[in-house]
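I want to see who pairs with whom and where.

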Amino acid sequence: MKARVKFNKGALDKKLKQAEDKAYQQVENQLKEVSQFAVNRSPVDTGAYVTSFSVKNNYSSGRGRTSKNKPRNQSPQAKRQEGYAQMAADIEGLDLKNSEIIVISNGSPHARLVETGEAWSNTPGYAVFAQLRDRFR
């Protein structure tokens, strides 16, 4: 016994495209959540560290701001929003469909000090990247 079934390839292609678009939107949303977490966990004095985050599809050096000659005691809310806005723009600019890797980095010259607290006598490190790994692994 045989049965003939008509297959609508156009409808299947449309459903596959919708599923793919939804998956990439979820990846984009997750990257934005990671970015928001990173800036929320970041210390703000001059704003150099929190505005030095980058989201890229390679290991090239990203944004790197120094705190030298910058005014201290900046608004944490304003600087975190600035840092997040930059990261969100990076994410929007990514070609997720052709990316094999996504890298979140902080190119500030003092990023390691912020992470570890080395050479700081009164403040431990903030462990921003360690927290990211723990939360989003």
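I began with Asp13, which comes out partly exposed at a relative accessible area of 36%. This is a predicted model, so I keep that in mind throughout. Asp13 makes a salt bridge with Lys9, and their closest N and O atoms are 2.9 Å apart. I checked where the two sit: both are in helix H1 (residues 9-41), 4 residues apart, about one turn of the helix.

Next I looked up Glu92. I found a salt bridge from Glu92 to Lys32, with the closest N and O atoms 2.5 Å apart. Glu92 is in helix H2 (residues 76-93) and Lys32 in helix H1, so this pair ties together parts 60 residues apart in sequence. Glu92 is partly exposed, with a relative accessible area of 49%.

Then Asp45. Its salt-bridge partner is Arg72, the closest N and O atoms being 2.7 Å apart. Asp45 lies in the loop between H1 and strand S1 (53-56), and Arg72 in the loop between S1 and H2, so the pair ties together parts that are 27 residues apart in sequence. I get 27% relative accessibility for Asp45, partly exposed, while Arg72 is exposed at 60%.

How many salt bridges does a search of the whole structure find? I count 10. I also noted a network of salt bridges linking Lys17, Glu20, Asp21 and Lys97.

Last, pockets. The largest pocket has a volume of about 320 Å³. I find 13 residues lining this pocket, and Asp45 turns up again, among those nearest the centre along with Ser67, His110, Val114 and Trp120. The lining splits into 7 nonpolar, 4 polar and 2 charged residues.

Conventions: Residues are numbered from 1 along each chain as its sequence is written. This is a predicted model: local features need pLDDT of at least 70, side-chain atom pairs count only at pLDDT 80 or more; totals for chains, interfaces and linings use all residues. Side-chain values use heavy atoms; hydrogens and water are left out. On a 1 Å grid over the protein atoms alone, a cavity is a set of points where a 1.4 Å probe fits but cannot get out, and a pocket is an open set with protein on both sides within 12 Å along at least five of seven lines; lining residues have an atom within 4 Å of a point. Grid points are joined across faces, edges and corners, and a volume is the space filled by probe spheres set on the points. Ala, Val, Leu, Ile, Met, Phe, Trp, Tyr, Cys and Pro count as nonpolar, Asp, Glu, Lys and Arg as charged, and the others, Gly among them, as polar. A salt bridge is a side-chain nitrogen of Lys or Arg within 4 Å of a carboxyl oxygen of Asp or Glu. Buried means under 20% relative accessible area, exposed over 50%, partly exposed in between (1.4 Å probe, protein chains only).
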